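Thanks for coming. I have one structure to go through today, so please look at the sequence and the model first.

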Amino acid sequence: MSMNTLEDLLVEELKDIYSAETQLVKALPKMSKAASNLELQAAFEKHLDETKVHVERIEKVMAEFDASPGGKRCEAMAGLIEEGEEIIKKDGADTVKDAALICAAQKVEHYEISAYGSARALAQVLGKESLVQILTDTLDEESQTDSDLTSIAETIHSDAFAEQDA
């Protein structure tokens, strides 16, 4: 597909986001299973449910553009997921691994936040108000997940530090 217009660019960005989200749907159950902290497991499971909704939203939006959401692989998300998989494979103290999983998850969230923010900005310029609202809703959910992970991290980091001092 050529990118001659901002609408072309928006469609390409949405395809990239779709790929990122579908990859994440496969990765989140692994992260949840690898986490030892129950609150972290629940956060991953909650985000999995949200991510499935994000995928459905993008499929709906792409139909409005008369375009398929597939056909593109988000290499950035593939790399971020690979980092998470490396953490899962490592041996170590449970609390430290949980802290590492949160680091990996927040990198994913920050990528998603920037991707949705960029797509929303394009939709705003193009006057696609219904899409702006969908992207804003998703962006808010991604930001909330990042905030939730930060809160969980504060507890896990304290626990890991106390365990290493013991």
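**Helices and cores**

Let me start with Thr 155, which sits in helix 5, residues 129-165. Helices here are DSSP runs of H or I with at least four residues, numbered from the N terminus. This is a predicted model, where local features need pLDDT of at least 70, side-chain atom pairs count only at pLDDT 80 or more, and totals for chains, interfaces and linings use all residues. Residues are numbered from 1 along each chain as its sequence is written, and side-chain values use heavy atoms, with hydrogens and water left out.

Buried means under 20% relative accessible area, exposed over 50%, and partly exposed in between, using a 1.4 Å probe and protein chains only.

Next, helix 1, residues 6-34. Its 29 residues should span 42 Å at 1.5 Å a residue, and the end C-alpha atoms are 41 Å apart, which agrees. The expected span is 1.5 Å times one less than the number of residues.

Now the largest nonpolar core, which has 25 residues. Such a core is a set of buried Ala, Val, Leu, Ile, Met, Phe, Trp, Tyr and Cys residues joined through side-chain atoms within 4.5 Å. Among the residues with the most contacts inside it are Met 31 and Phe 44. Helices 1 to 5 each supply at least two residues of this core, and helix 4 gives the most, with six. A second, separate core has 19 residues, including Val 55 and Ile 58.
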